Amino acid sequence: MKTSQDPVRDYLSAVEREASALPADRRQELLADLAEHIEVTRAERPDAVIGEILAELGDPRTIAATALAESGSTAAPAPDSAPAWGGADDSVRRGKVHPLVPLLLLVLAQPVGMVLPDEGGSLIGGLLRITGAVLLCTSVHWTTDRKTVGVLLTFVLPGVAMAVWNLTDGGPSGDGPALVANLAALVLTAGTAAWLWRVRRA
């Protein structure tokens, strides 16, 4: 069996074939974004196997279907067909989650904890934040580096800040510095979510 000498070119060609219904300029933009992500990832992780990087991006058919859906086209991959790129069965499921869902969960987690501090708000907010972080990490709409920044700024940093606050101040209340800290965490999370929305991949 003949093996490809350029898996990146084969991958991008597969995306281009699957996205043939897209307008030419949108299709070229999509291919340029993917090529840039591959190049940046290879530079950041020189020891990574190229197949691993391509698998992280997801199935070309799924990427094309998402781009087509966001452009208003009705074209979509056949549900019973095999993935066009190896190891991407789960990317089809991931692609079905709208990119707004994890962002809303991450943003809403903070105000829920602030509004309902004594009625299980902290627990509900924590569950919302965890669910949002998981959906963000498994989404096909962002590159790995953007997911990492997003999780750090919307999940890890606020979580560490709240843990330190609880240990040193006995838990946040609705007054003074506690309110300022909560509002700062909310602004950080909302700002990061807005940035993630702008840089999402079609």
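**Ground rules.** I number residues from 1 along each chain as its sequence is written, and my side-chain values use heavy atoms, with hydrogens and water left out. Since the model is predicted, I ask for pLDDT of at least 70 for local features and 80 or more for side-chain atom pairs, while totals for chains, interfaces and linings use all residues.

**Confidence.** I started with pLDDT, the predictor's confidence in each residue, from 0 to 100. The protein chain has a mean of 76, and 75% of its residues reach 70 or more. Confidence is highest in α1, at 90, and lowest in helix α5 (residues 89-95), at a mean of 41. Over residues 74-95 pLDDT stays under 50. For that stretch I noted 31 contacts (heavy atoms within 4.5 Å) beyond four places in sequence.

**Salt bridges.** My rule was a side-chain nitrogen of Lys or Arg within 4 Å of a carboxyl oxygen of Asp or Glu. The count comes to four salt bridges.

I looked at glutamate 18 and arginine 61 to begin with; their side chains meet at 3.7 Å, N to O. This pair links distant parts of the chain, 43 residues apart: glutamate 18 sits in helix α1 (residues 7-18) and arginine 61 in helix α4 (residues 60-70). Buried or exposed? I use under 20% relative accessible area for buried, over 50% for exposed and partly exposed in between (1.4 Å probe, protein chains only). Arginine 61 counts as buried because its relative accessibility is 19%, whereas glutamate 18 is partly exposed at 29%.

Next I checked arginine 26 and glutamate 29, which form a salt bridge at 3.9 Å, N to O. Both lie in helix α2 (residues 24-44), three residues apart, about one turn of the helix. Glutamate 29 has 45% relative accessibility, so I logged it as partly exposed.

Then I went to arginine 45 and glutamate 52, whose side chains meet at 3.8 Å, N to O. Arginine 45 is partly exposed at 27%, and glutamate 52 is partly exposed at 44%. I also found Arg45, Glu52 and Glu56 linked in a network of salt bridges.

**Rings.** I looked for a charge over a ring (NZ of Lys or CZ of Arg within 6 Å of the ring centre and within 35 degrees of the ring normal). The charged end of arginine 200 sits over the ring of tryptophan 197, 3.6 Å from its centre.

**Two buried residues.** I picked leucine 57, found in helix α3 (residues 50-57). Leucine 57 counts as buried because its relative accessibility is 1%. Which residues does leucine 57 contact, leaving aside its neighbours within four places in sequence? I listed Tyr11, Leu34, His37, Ile38, Ile63 and Arg201. I also took the C-alpha separation of leucine 57 and tryptophan 142: it is 8.9 Å, for residues 85 apart along the chain.

My other pick was threonine 189, in helix α9 (residues 176-199). Threonine 189 has 0% relative accessibility, so it counts as buried. Leaving aside neighbours within four places in sequence, I found threonine 189 in contact with Leu106, Val107, Leu153, Thr154 and Pro158.

Methods. Helix = DSSP H or I, 4+ residues; strand = E, 2+ residues; numbered from the N terminus.
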